[in-house]
Amino acid sequence: MKRPSKLDSFLGAERTSDRLGAVAITGNARSHVTAKAMQGRGDHFELCAHPIRCLLMRCGVLLIGVILSMPALAQFDTERRPPDWMERGFEAAINDLASTRGGIALDADLYLSKFVPSGRAGPVIDKLLPLLSDRDPAISAAAAQALGRIPIGERAGPVIDKLTPLLGDQNNVVKGAAVQALGQIATGGRAGPVIDKLLPLLGDQDPSIVYAAAQALGQIATGERGGPAIDKLLPLLDDPNSSIRGAAIQALGQIATGGRAGPVIDKLLPLLRDQDASSSAAAAQALGQIATAEHVGAVIDRLLPLLGDRASSVSAAAAQALGQIATGNRAGPVINKLQPLLSGQDNIVKGAAAQVLGRIATGGRADPVIDKLLPLLSDQDPSIVYAAAQALGQIATGARARPVTDSLLPLLDNPNSSIRGAAIEALSQIATGERAGPVIDKLLPLLSGQDPSIVYAAAQALGQIATGERAGHVTDSLLPLLDNPISSVKGAAARALGQIATGERARPAIDKLVPLLGDRDPDISAAAARALGQIATGERAGPVIDMLLPLLSDRDTSIVRAAAQALGQIAKSERAGPAIDKLVPLLHNTNSTVRGAAALALGQIATGNRAGPVIDELLPLLGNPNSTVRGAVAEALGRIGPGGLSAALTAVRLINSREDEVAGVLRAAAHVATGADDKKDGSELLFAWLGRPDALPLDSVGNNPAEAHRVLQLLTDNWAALSSSQRTRVEAENAAMAAIEAACQVPTETSSLAEFVRSSIAWLRDLPIEGPFHRCWTSDQRRTVEALLAHLKKSHSTHAQALAAHLRSENIAPISLWLTWSLVLWTLFWIAFLVAFPWSRTIQAIFFWNPRARQFFSAGFVPLVLLILPPLRRRLLAPFRDDLVAQARLEDFAELAYFADSRAQVDDGEVVRLSQLQSDLSGVVVLQADSGLGKTSFLREIAGKATRPVAFLHARDCADGVDVAISRIIHDVQEAGFVRSLVRAHSR
């Protein structure tokens with residue numbers, strides 16, 4: 001069933017031409033309009049002795065006048081699909097942990113979830129499912145409702161599995177929401193288990209749960225599964241609670257089809273005379289849905305008397321049921337049953353039958369009915385004439401309209417004002433195109449009549465049918481009525497002129513309407529304002545706007561709403577500025593209808609550069625406790641949005657100024673209003689860091705200065721706006737420092753192993769380029785950080801000192817980088833030098849050239865490396881190998897006698913051969929033996945076979961010390977002190 005819009009709710013069934021239903025629904029609001037519209041109609045009120053008679057005679061004038069006093073706020077339609085950016089904003093709200101709960105609450109009013117495309121439903125469903133177990137029952141219930149509206153598709157199974165346990169929830173609000181959601185999504189093969197769970201709820205102690213379960217079963221218990229549901233629902237028809245009876249009746253009307261309809265019809269027929277009018281009306285509607293061919297006759301017979309029921313809701317339901325039965329092949333039997341009633345003696349039934357035939361006798365079936373209705377135009381009972389005229393106005397189309405028009409025209413001279421009024425309304429429906437001329441000619445004289453109700457009706461009718469060339473003459477005739485002393489006539493003329501006085505005809509109408517803006521009757525002022533909003537376009541708009549603007553300050557809210565509506569229609573482009581300036585304050589008016597009307601008007605005129613500030617003002621109202629205001633604001637935003645960064649900043653300030661419990665709703669509203677950063681100006685980035693997010697996205701900036709700079713740039717560029725609220729400024733300061741710390745984090749400052757590893761990898765990666773002390777920011781980025789520091793100092797922030805210290809530490813980085821590169825180059829130089837030293841005489845010569853220069857450039861570190869690393873030491877001494885062993889005369893060693901088999905003993909160890917002893921000698925070894933036993937030859941053999949650097953020295957050459965002797969042999973490549981350290985280090 002289509003969810004009624006605000007307009008539908010106000011007008012009832014007017015849009016479906018259900019006159020009876022319309023009057024039944026409208027209540028006091030419409031009665032008030034009628035009293036206004038019918039001043040002076042004494043004969044009309046005298047004919048209202050019976051409700052149906054009164055109903056039949058009043059319907060036409062009621063329905064003509066009701067829309068004209070409708071508030072401007074009724075214009076917005078919650079069924080209009082929101083723009084794509086708004087849908088994306090809703091999805092962003094659901095995906096934001098801090099606003100998910102608020103997003104669900106917001107959606108419960110805006111109904112955005114039903115517009116989520118099936119392709120994007122998955123992520124939204126994933127966010128909603130956990131909320132079903134939220135600690136707040138209102139959130140659980142709202143999540144269930146949202147799931148019931150989203151296109152579930154293939155995800156229906158898991159969603160149903162999550163919803164089903166809620167049927168046992170202790171909170172009835174949650175339970176009821178789960179029942180409703182399951183009734184919307186548990187269709188087809190998935191319905192069976194859900195039906196089994198719902199059936200026991202028909203016996204629940206809470207009537208609201210029974211009601212919801214009955215409704216859900218009516219939606220999903222179809223086909224073969226309908227049997228058990230019907231058996232459980234039938235006993236509820238005897239329940240003393242009328243709402244439960246009504247829900248059961250409605251459900252049975254949906255599922256009791258085919259062979260199961262008979263027993264249900266038998267139980268419903270007695271309810272047509274139930275003492276409770278709502279149960280009777282529900283039974284009539286259900287019978288209209290399930291009456292099969294074999295039961296049509298009996299059902300019609302029982303419904304026909306209800307057309308004259310005192311309860312208008314029952315008579316309307318009976319008429320609607322008859323209209324439902326009269327579809328397809330069943331229309332004939334219903335029409336056949338009703339036609340004889342037109343000749344009956346009971347005028348109440350006769351009039352009601354005429355009304356129903358006016359609804360169902362369409363197309364080819366209309367001709368015989370028209371033939372039956374035409375004679376009734378001469379009936380003695382004014383209520384019958386009225387009903388016949390109404391019906392003819394509905395079904396006399398095409399070629400049949402002309403004879404009907406000819407028959408209705410004489411009624412304009414009837415002395416009974418109610419008959420004249422019915423004829424006027426009927427003619428306004430069928431007198432279109434070429435047929436309008438004669439009707440207009442007959443209606444024009446009525447404008448100067450004495451009966452205000454007829455003048456009223458004629459003016460309204462002329463406003464509907466006087467188009468084209470005929471409109472000019474009609475306009476001239478309507479203008480004098482603006483001076484009529486009767487308010488209803490004056491208002492009707494104003495509204496008619498608003499419909500037809502266009503183009504060149506608008507000028508005189510505008511001149512006459514403008515003074516009415518100051519009329520003492522608020523209804524006249526409002527009517528004049530709305531009419532001017534329709535016709536004062538182009539060049540004529542300026543003066544009218546100037547006259548309308550003061551009305552926005554009027555004490556009467558109806559005038560304010562009408563003025564706002566008119567300005568929304570005509571205050572376009574350059575004239576919009578003053579109107580916007582006056583409308584914006586109305587968004588804070590204490591009257592919710594005024595706030596809504598102002599929002600709708602701003603949604604029509606706040607375009608271009610003016611849209612941003614208006615969106616900023618509208619945004620807070622998305623969190624307004626009044627759902628009507630929220631709906632109007634949503635519609636306005638849908639027209640002029642999405643908002644940009646300015647709206648996001650407004651939202652952040654608003655969130656920080658409100659209590660925690662509404663922060664989520666406001667975050668959700670901000671996501672929706674900005675369309676999830678549809679303008680790509682950083683609104684979503686702002687929401688990620690400000691506006692009380694669930695957690696700061698530090699991972700996104702960890703060791704990533706470029707990304708952190710985006711955040712800092714956004715904050716510093718908008719610091720003035722953020723600083724206007726102390727709480728927002730403090731939040732921005734904290735967020736900025738958190739981003740800086742995460743982006744410039746060193747391994748020693750991490751708080752977790754994962755952060756340590758990530759930071760260490762980044763440090764090592766940048767070490768060759770930036771040195772051990774990394775500079776976090778580039779020059780451009782540093783300027784942003786310095787700007788932030790200036791802001792912090794200006795506000796005396798507690799973070800200013802820490803940020804200043806951070807920037808000072810950044811100054812060390814260039815020095816560190818210079819030292820690092822110097823060390824690297826120095827190391828590479830010495831490596832290359834030592835590698836090339838054994839083979840390059842030039843390098844050797846340079847090395848020998850200046851001991852002091854050699855010591856300076858080595859920085860004392862090279863000797864230490866040579867001492868520690870034997871391979872480097874061997875490379876240094878390699879060119880001097882022959883010089884070091886020259887005194888051993890190894891080239892003559894083979895010719896000398898050598899006793900290799902001589903035996904020796906190390907300390908008190910085992911006596912072994914000399915050849916075995918060579919490999920075990922280390923440290924300081926003193927050879928003791930008699931002269932001539934081969935001590936020198938043994939040392940020569942060791943020198944000849946050694947792979948490491950060896951020096952063979954005679955004692956006579958070591959008078960100044962071994963180190964001095966070796967230094968002398970290697971030409972002082974290294975000083976005696978270094979050689980001494982080598983000898984001592986490797987002689988132990």
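Biologist: How many residues of the protein chain count as buried, as a percentage?
Modeller: This is a predicted model. In it, 52% of the 988 residues of the protein chain count as buried.

Biologist: And what is the accessible surface of the chain?
Modeller: The accessible surface of the protein chain comes to about 44,500 Å². Carbon and sulfur atoms account for 54% of that surface.

Biologist: What does the secondary structure come to?
Modeller: The protein chain has 55 helices and two strands.

Biologist: Buried or exposed?
Modeller: L884 has a relative accessibility of 3%, so it counts as buried.

Biologist: Which residues does L884 touch?
Modeller: Leaving out residues up to four places away in sequence, L884 touches V950, A951, F952, I966, I969 and I970.

Biologist: How far is L884 from L953?
Modeller: In sequence, L884 and L953 are 69 residues apart. In space, their C-alpha atoms are 7.9 Å apart.

Biologist: Now helix pairs. What is used to describe two packed helices?
Modeller: Two packed helices are described by the angle between their axes and the distance between those axes.

Biologist: OK, at what angle do α43 and α45 pack?
Modeller: Helix α43 (residues 726-743) and helix α45 (residues 779-794) pack at about 145°. Their axes are 12 Å apart, and the crossing is left-handed.

Biologist: Which residues meet there?
Modeller: From α43 there are E733, A736, M737 and I740, and they meet V785, L788 and L792 of α45. By class, this contact has six nonpolar residues, no polar ones and one charged.

Biologist: And α18 with α20, how do their axes cross?
Modeller: The axes of α18 (residues 296-303) and α20 (residues 331-338) come within 11 Å and cross at roughly 40°. That angle makes α18 oblique to α20.

Biologist: Left-handed or right-handed?
Modeller: The crossing of α18 and α20 is right-handed.

Biologist: What meets what in that pair?
Modeller: G297, I300 and D301 in α18 meet P333, V334 and K337 in α20. The residues of this contact divide into three nonpolar, one polar and two charged.

Biologist: Switching to the backbone. What phi does S573 have?
Modeller: S573 has a positive phi of about 40°, although it is not a glycine. S573 sits in the loop between α33 (557-570) and α34 (576-583).

Biologist: Is S573 buried or exposed?
Modeller: S573 is exposed, because its relative accessible area is 54% and exposed means over 50%.

Biologist: What about R692, what is its phi?
Modeller: R692 also is not a glycine, and its phi is positive, about 55°. R692 lies in the loop between α40 (683-689) and α41 (705-717).

Biologist: And R692, buried or exposed?
Modeller: R692 counts as buried, because its relative accessibility is 19% and the cut-off for buried is under 20%.

Biologist: Last one. Which peptide bond is cis, and what is its omega?
Modeller: The peptide bond from G641 to P642 is cis, with omega near 5°.

Biologist: Where does P642 lie?
Modeller: P642 is in the loop between α37 (627-640) and α38 (645-657).

Conventions: Residues are numbered from 1 along each chain as its sequence is written. This is a predicted model: local features need pLDDT of at least 70, side-chain atom pairs count only at pLDDT 80 or more; totals for chains, interfaces and linings use all residues. Side-chain values use heavy atoms; hydrogens and water are left out. Axes are lines fitted to C-alpha atoms, for helices over the stretch in contact, and angles run from 0 to 180 degrees between N-to-C directions. Helices (H or I, at least four residues) and strands (E, at least two) are DSSP runs, numbered from the N terminus. Angles under 35 degrees count as roughly parallel, over 145 as roughly antiparallel, 65 to 115 as roughly perpendicular and the rest as oblique. A crossing is left-handed if the near helix is turned anticlockwise from the far one by less than a right angle, and right-handed if clockwise. Contact means heavy atoms within 4.5 Å. Ala, Val, Leu, Ile, Met, Phe, Trp, Tyr, Cys and Pro count as nonpolar, Asp, Glu, Lys and Arg as charged, and the others, Gly among them, as polar. Buried means under 20% relative accessible area, exposed over 50%, partly exposed in between (1.4 Å probe, protein chains only). Accessible areas come from the Shrake-Rupley method with a 1.4 Å probe; for residues, only the protein chains shown count as cover.
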